[in-house]
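Take a look at the structure below before reading on.

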Amino acid sequence: MSRLLRSVWGRGLLRAGGRRGQVCSARPTPELAGRQTAEVAVPARVAPRGRGPGLLPLLAALAWFAETEEERESAASGAAADETEAEIIRLLKRAQLSIMKDEPEEAELILHDALRLAYQSDNKKAITYTYDLMANLAFMRGQLENAEKLFKATMSYLLGGGMQQEDNAIIEISLKLASIYAAQNKQEFAHAGYEFCISTLERKMEREKEVAEDILSVEEKINTHLLLGMCLDAYARYLLLSKQPSQAQKMYEKALQISEEILGERHPQTIVLLNDLATTLDAQGRFDEACIYVQKASDLARQIEYPELHMVLSNLAAILMHRERYAQAKKIYQEALKQAELKRDNAFIQHIREELAELSKKSTST
């Protein structure tokens, strides 16, 4: 059976927080229209339920939360407000370290301490950033209802602080909310959320084409372009899982074009998208076309020693099996098995062995 690979878009994106876009008339994600006030209560702690799927990379930069280190040091160091801010920053860094060390419960406790101090000092930037970290942590742990509330709180503070609805930070949050709705099977909200992200970014990019570099840097334009690729990829995955492969194919084709143009043909994200596009074609019974894309993905994966080569090879073998090229499929599956064993990917080793057993039945029955 064809499989999707993990997206790696986040590695090519700079953090979008704090970047302001031009005014636009784009509508916010469903349920958020008109919510631009900061009247959000501090959420109660959520009992640990284990880690979730980690649908998107965790935002980690502190750049938009506070001034630079030099600016902070030049402020009145003896003032109580500065001491409180320094303590909040220290707590946030501790929380991030706990997340990196895979200690989510500890990170949650630290973030609640940071949020309490932020409220006491009425530091709205600190409140917003802490909510964002808490939301991402809940998101990664699979605590979707809590993550939804926290992302909405973060968005409310950002919009209330004057950020525009087309800002990349708002789009990233909207994308995560759409992913939450998708996981909750709230199809109407999921579709509307993904489409809001994509249409807003497409309009934004069209306007930015003629903007001079001294007003908007090339780097900022590239970030927006990559964010669009991430949104297209996420929507395509949702559409494919929703049994809409032809619609998913269109999204994957656009995402692949962005990845090839900006990241390059040999980038891991390009390989992921080639593989996943092959999966959508395979799901439509277009096996010959699917084989072309997954063959290219496997060739590139070998060239760059892609760590998930065994998954790409397994996908290639599955599509070859659908084309009834059983001898070739067996050879590729055996190569995939060796790679999976080298990576000690026990779950995938079992999957490949099951596929080889299925292949053996098919080849002997013909």
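This report goes from the whole chain to one helix, then to the aromatic pairs and the core.

## About the model

The model is predicted: local features need pLDDT of at least 70, side-chain atom pairs count only at pLDDT 80 or more, and totals for chains, interfaces and linings use all residues. Residues are numbered from 1 along each chain as its sequence is written, and side-chain values use heavy atoms, leaving out hydrogens and water.

## The whole chain

What secondary structure does the chain have? It has 14 helices and 0 strands. Helices (H or I, at least four residues) and strands (E, at least two) are DSSP runs, numbered from the N terminus.

The chain has 366 residues, and 50% of them count as buried. Buried means under 20% relative accessible area, exposed means over 50%, and partly exposed lies in between (1.4 Å probe, protein chains only). The accessible surface is about 17700 Å². Carbon and sulfur atoms hold 50% of that surface. These areas come from the Shrake-Rupley method with a 1.4 Å probe; for residues, only the protein chains shown count as cover.

Now consider contacts, meaning heavy atoms within 4.5 Å. Take those between residues at least 6 apart in sequence: 69% join residues at least 24 apart.

## Helix H6

Helix H6 covers residues 168-183, which makes 16 residues. The expected span of a helix is 1.5 Å times one less than its number of residues. Of its 16 residues, 15 are buried, so H6 is largely enclosed by the rest of the structure.

Both ends of H6 have a detail to find. At the start, a side-chain oxygen of Asp-167 comes within 2.9 Å of the backbone nitrogen of Ala-169. Just after the helix, Asn-185 has a positive phi of about 65°.

## Aromatic pairs

The whole structure holds 6 aromatic pairs. Rings of Phe, Tyr and Trp (its six-membered ring) pair if their centres lie within 6.5 Å; planes under 30 degrees apart count as stacked, over 60 as edge-to-face and the rest as tilted. Why is the pair of Tyr-131 and Tyr-157 called tilted? The ring centres are 5.8 Å apart and the planes stand at 35°, so the pair is tilted. Tyr-131 sits in helix H4 (residues 124-140) and Tyr-157 in helix H5 (residues 144-160), 26 residues apart. Tyr-131 is buried at 0% relative accessible area. Tyr-157 is buried too, at 9%.

Phe-139 and Phe-151 form an edge-to-face pair, with 5.6 Å between centres and 85° between planes. This pair also links H4, through Phe-139, to H5, through Phe-151. Phe-139 is buried at 1% relative accessible area, and Phe-151 is buried at 0%.

## The nonpolar core

A nonpolar core is a set of buried Ala, Val, Leu, Ile, Met, Phe, Trp, Tyr and Cys residues joined through side-chain atoms within 4.5 Å. The largest one has 103 residues. Those with the most contacts inside it are Phe-151, Tyr-194, Cys-231, Tyr-333 and Ile-352. Helix H8 (residues 218-241) gives the most to this core, with 11 residues.

Tyr-333 lies in helix H13 (residues 326-343). Tyr-333 is buried, at 0% relative accessibility. Among the residues that Ile-352 touches are Tyr-333, Ser-314 and Leu-337. Tyr-333 and Met-311 are 22 residues apart in sequence, with their C-alpha atoms 9.9 Å apart in space.

Terms used:
Polar contact = N/O pair within 3.5 Å; in protein donor to acceptor, adjacent residues only side chain to side chain. Lists of a residue's contacts leave out its neighbours within four places in sequence.
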